[in-house]
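Subject: Structure handover

Hello,

My notes on what turned up in it follow, grouped by topic.

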Amino acid sequence: MTPEERLASLKERGIPTLKEASLEDWQNWRWQLKARIRHPQALGLKGLEKVIQAYPLLVTPYYLSLIRDWQGDDPIKIQALPDQRELEDFGLEDPDPLAEERLSPVARLIHRYPDRVLILTTNHCATYCRHCNRKRLWRRPLELTPDQLKGALTYISSHPEIREVILSGGDPLLLPSRRLETILASLRRIPHIEIIRIGTRIPVTLPMRVDSELLEVLKKYRPLWILTHFNHPREITAEAALACQKLLEAGLPVLNQTVLLKGVNDSETIMKDLLQGLTRIAVKPYYLFQCDPVLGVGHLRTSVFTGLKIIKALRGYLGGIAIPTFVVDLPGGRGKVPLEPDYLLAKKGNKLTFENFRGEKVIYQDPDSKE
Ligand SMILES: *Cc1c(COP(=O)(O)O)cnc(C)c1O
């Protein structure tokens, strides 16, 4: 679809705020933010008041235009529009399953691993993902204040073992470019910070935001890694591909983190299309996440074994660079654990029996070792 067709398709749905919109508006990310849909009524959806009181609706016209099946279980709709089941308690969920609050030594900073910390730069997002694992923060104050930034910088400066800072949120690329630059520049002044990562869904939900002003800022602070969040092949539009291409051309590696979601991508064929599509636009699939037990997200979770089955079906049939590591983020902030299907079937002395991707059993002779 072209941008014209996207805009026209939403106008046909009679969304009030889009009536007067022009193509020029559509291409302007500030307009996209202003024209975001916040009321289910604007989409003709009823009976969702309670849900949005708990978890607001917020979606860019651009991301909304990726929906094709408005009546059925469309994968974009599942990620963007509220669902009654968000209010259900499935008995396993927690508002903060990864204990981020407990692992926060200073405001807005999470220190879980020895050499890297994560900073919550803002709560603001272009679109609220219904599967967000920080749903608990949607209604908290938005931006990292200058004092909180100072506190985080002091903490990082006094911990020389920290080599890497992950800017997360919310979406750091929604910060005003100058504010983002202040954060990046002050991190770069700390000699032991080697790597900065930015977690963002901007290429997926608001690709127009990747403009020259933003790129000028980002490319000054390399090595800077961009971690984006594509969940479905239909999200890989020409617009999204262009946003990723611009990031890559600015010298920023782009990796992707996918969340395994029921009805969105919990099938081998969809996942294959997604991963192939990502490598086609030179975005490296980094992690496939088991969906965390977050309160309000229970209806989107699948079994760990679904993820393993998908990885098993793809390994060997897709090039290795297309295959992400499947990880479970352990409760209580105990860390991410990678999972692989079992390819080592048996061990007899030095004889190891493996199963290859075709299901054939193969004996491998291990050298003698004292381990
Ligand atoms: C996921 C995460 C990281 C990064 O983990 P990697 O395995 O290096 O991608 C760091 N800190 C926190 C709190 C995280 O949740």
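Please keep in mind throughout that the model is predicted. The lining of this second largest pocket consists of 18 residues, and those nearest its centre are Asp73, Lys77, Ile78, Asp83 and Arg85. Sorted by class, that lining holds eight charged, six nonpolar and four polar residues. Both domain 1 (3-81) and domain 2 (109-339) contribute to the lining of the second largest pocket, with at least three residues from each.

Domains

The domain assignment divides the protein chain into domain 1 (3-81), domain 2 (109-339) and domain 3 (342-371). Taken over C-alpha atoms, the centres of domain 1 and domain 3 are separated by 53 Å.

The largest pocket

For the largest pocket, the volume comes to about 1,100 Å³. It is lined by 46 residues, of which Asn133, Arg134, Ser168, Gln257 and Phe289 are the closest to its centre. Which elements give two or more residues to this lining? They are strands E1 (109-113), E2 (116-120), E3 (164-168), E4 (195-199), E5 (224-228), E6 (254-259) and E7 (284-289). The class count for the lining of the largest pocket is 22 nonpolar, 14 polar and ten charged residues.

Serine 168, listed above among the residues closest to the centre of the largest pocket, belongs to strand E3. Its relative accessible area is 12%, which is under the 20% cut-off, so serine 168 counts as buried. Leaving aside residues up to four places away in sequence, serine 168 touches Leu118, Ile119, Leu120, Thr121, Thr122 and Arg134. One of these contacts, threonine 122, is 46 residues from serine 168 in sequence, with 7.7 Å between the two C-alpha atoms.

The cavity

A search of the whole structure gives one cavity of 30 Å³ or more. The volume of the largest cavity is about 30 Å³. Its lining is made up of Asp96, Pro97, Leu98, Glu100, Asn133, Arg134 and Arg136. By class, the lining of the largest cavity has four charged, two nonpolar and one polar residue. Asn133 and Arg134 line this cavity and are also listed among the residues closest to the centre of the largest pocket.

Helices H1 and H2

In helix H1 (residues 3-12), the buried residues are Pro3, Arg6, Leu7 and Leu10. Viewed down the axis of H1, these buried residues fall within an arc of 95°, so they line one face of the helix. They pack against helices H2 (23-27), H5 (61-64) and H11 (238-249). After H1 comes glycine 14, with a positive phi near 70°.

Helix H2 contains glutamate 24. Is this residue buried or exposed? Glutamate 24 has a relative accessible area of 67%, over the 50% cut-off, and is therefore exposed. Glutamate 24 lies 132 residues from isoleucine 156 in sequence and 43 Å from it in space, C-alpha to C-alpha.

Backbone geometry

Most residues other than glycine have a negative phi, and most peptide bonds are trans. The cases below may be worth a look against that background.

- Glycine 169 and glycine 170 are joined by a cis peptide bond with omega of about 15°. Glycine 170 sits in the loop between E3 and helix H8 (177-188).
- Arginine 222 and proline 223 are also joined by a cis peptide bond, with omega of about 0°. Proline 223 is placed in the loop between helix H10 (212-219) and E5.
- Alanine 99, although not a glycine, has a positive phi of about 50°. This alanine is found in the loop between helix H6 (75-80) and E1, and at 11% relative accessibility alanine 99 counts as buried.
- Alanine 282 is not a glycine either, and has a positive phi of about 65°. Its place is the loop between helix H12 (268-280) and E7, and at 48% relative accessibility alanine 282 counts as partly exposed.

Regards

How values were computed: Residues numbered from 1 in each chain as written. Predicted model: local features only at pLDDT ≥ 70, side-chain atom pairs only at ≥ 80, totals over all residues. Heavy atoms only, no water. Buried < 20%, exposed > 50% of the residue type's maximum accessible area, 1.4 Å probe, protein only. Helix = DSSP H or I, 4+ residues; strand = E, 2+ residues; numbered from the N terminus. Arc of directions from axis to C-beta. Contact = heavy atoms within 4.5 Å. 1 Å grid on protein atoms, 1.4 Å probe; cavity = no way out; pocket = protein on both sides within 12 Å on 5 of 7 lines; lining within 4 Å. Points joined across faces, edges and corners; volume = space filled by probe spheres on them. Nonpolar A, V, L, I, M, F, W, Y, C, P; charged D, E, K, R; others polar. Domains from an automatic or database assignment.
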